[in-house]
Amino acid sequence: MKKISLFSVVIIVFFWVACKDTKKEETILKGEASITVDETVLPMLKDQVDVFQSKYDAKLHLVSKSEGEALNDLFSAKASIAILTRNLSDKEKINFSQKKIIPKITIFAKDAIALVSNKSSNDTLIALSDIVRFLKGDTQSGIKGIVFDNPNSSTVTFMKNIAKVDQLPEVGVYSFASNEEVIKFVAENEGMIGVIGMNWISQPSLKMKSYLANTKILSVKGLKSEVFVSPNQNNIAEGSYPLVRDLYIINCQGFSGLGMGFASFIAGDIGQRIILKSGLMPVRVPGRKFNIRNEIDNDKIK
């Protein structure tokens, strides 16, 4: 048996210590982590991450996916932090509990699903009942076609729940890979109605602005309403717009890591201000601070 020289032992120990020192231990405000994000709210999350990283010694990687893909990654432990446009169902929570995982769930904003059409369309209004009829296969609904971002997206799930259908019609329903592709398709094709996350309208990328200029946002009449309402921030806050949903951060890390730190940040004052600026609605509207003095400093007035 060959003996290991003292020099070799020293070299091995040196490199082991060096690697250990350079590896950052993850805490709530330090380290590196990945966050799976529902693609419909990606623009606002990019702003959140940029500010978070500028304040703390942390690196967050956003992974944009559909709702179905994000949930599968959580269940398979490929991801431990996710941003979803709905809470976990009771069945999904049981699934996690069976794996000895108790997700920490934080609601942090209200979002809206927007319906858009080609600018050449004469209609600026649409009744949600007509959308429901179309999704149930009624070809006399007056709608030519509906365009979704992804077959497994949160927008599909949301609209299927409203229409109370398990499957979408095979004719007249189109799906792509992103909200940007939906906007582009609607901008280039008359008669189509695009279903997208409001965040892609309130915070469009530079390459999308020209396409958005050739689309129009439709005001929607709810199933139990006689009023057509546009998806603006005020109507989202009041709950008068019928296609509003909550945003959640699901943290399955199981320890005090960046998932906990980022959840606290996004639900805190700075994070809520970023949401307000994005055009979506924070769960807590940040207040304005005023300094009230009992005495006036006359020297500063002069």
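Entry 1: Are Phe52 and Phe265 buried or exposed? I looked them up, keeping in mind that this is a predicted model, and found both Phe52 and Phe265 buried. I then searched the whole structure for aromatic pairs and got seven. In the pair of Phe52 and Phe265, the ring centres are 5.2 Å apart and the planes stand at 70 degrees, so I noted the pair as edge-to-face, the cut-off being over 60. Phe52 belongs to helix H2 (residues 42–55) and Phe265 to helix H11 (residues 258–267), so this pair ties together parts that lie 213 residues apart in sequence. I also wrote down one aromatic cluster, formed by Phe52, Tyr56, Phe262 and Phe265.

Another pair I checked was Tyr174 with Phe185. Their ring centres are 5.8 Å apart and their planes are at 35 degrees, so the pair is tilted. Tyr174 sits in strand S7 (residues 173–175) and Phe185 in helix H7 (residues 179–188), so the parts tied together here are eleven residues apart in sequence. Tyr174 has 33% relative accessibility, which means that it counts as partly exposed.

**Entry 2: strand S8.** I asked how many residues of S8 (residues 192–197) are buried. The count came back as six of six, so I have the strand down as mostly covered. I recalled that side chains in a regular strand alternate between the two faces of the sheet. In S8, Met192, Gly194 and Ile196 point one way, while Ile193, Val195 and Gly197 point the other way, and all are buried.

Next I looked for the partners of S8. Strand S4 (residues 104–118) pairs with S8 in the antiparallel sense over five bridges, and Ser117 has Ile193 as its bridge partner. Strand S6 (residues 145–148) runs parallel to S8, with three bridges joining them. There I found Val147 opposite Gly194.

**Entry 3: a three-stranded sheet.** My next stop was an open sheet of three strands, ordered S5-S10-S11, with mixed pairing. S5 (125–127) and S11 (228–229) are at the edges and have a single partner strand each, so one side of each lacks a neighbour in the sheet. S5 and S10 (residues 219–221) run parallel and are joined by three bridges; Ala127 stands opposite Lys221 of S10.

**Entry 4: helix H5.** I followed H5 across S5 and S10, where the helix runs at about 60 degrees to S5. Then I turned to its meeting with another helix. The axes of H5 (residues 128–135) and H6 (residues 154–163) come within 9 Å and cross at roughly 95 degrees. That makes H5 roughly perpendicular to H6. H5 contributes Leu128, Ile131, Val132 and Leu135 to the contact, and H6 contributes Met159, Ile162 and Ala163. By class, the residues of this contact are seven nonpolar, no polar and no charged.

**Entry 5: helix H3.** Which residues of H3 (residues 67–75) are buried? I listed Glu67, Ala70, Leu71, Asp73, Leu74 and Phe75. The buried residues of H3 pack against several elements, including strand S1 (30–38), strand S2 (57–65), helix H4 (90–98) and H6. Just after H3, I noted that Ala77 takes a positive phi of about 70 degrees.

Key
Residues numbered from 1 in each chain as written. Predicted model: local features only at pLDDT ≥ 70, side-chain atom pairs only at ≥ 80, totals over all residues. Heavy atoms only, no water. Axes fitted to C-alpha atoms, helices over the stretch in contact; angles between N-to-C directions. Helix = DSSP H or I, 4+ residues; strand = E, 2+ residues; numbered from the N terminus. Parallel < 35°, antiparallel > 145°, perpendicular 65-115°, else oblique. Contact = heavy atoms within 4.5 Å. Nonpolar A, V, L, I, M, F, W, Y, C, P; charged D, E, K, R; others polar. Buried < 20%, exposed > 50% of the residue type's maximum accessible area, 1.4 Å probe, protein only. Pairing = 2+ DSSP bridges. Phe/Tyr/Trp six-rings, centres within 6.5 Å; stacked < 30°, edge-to-face > 60°.
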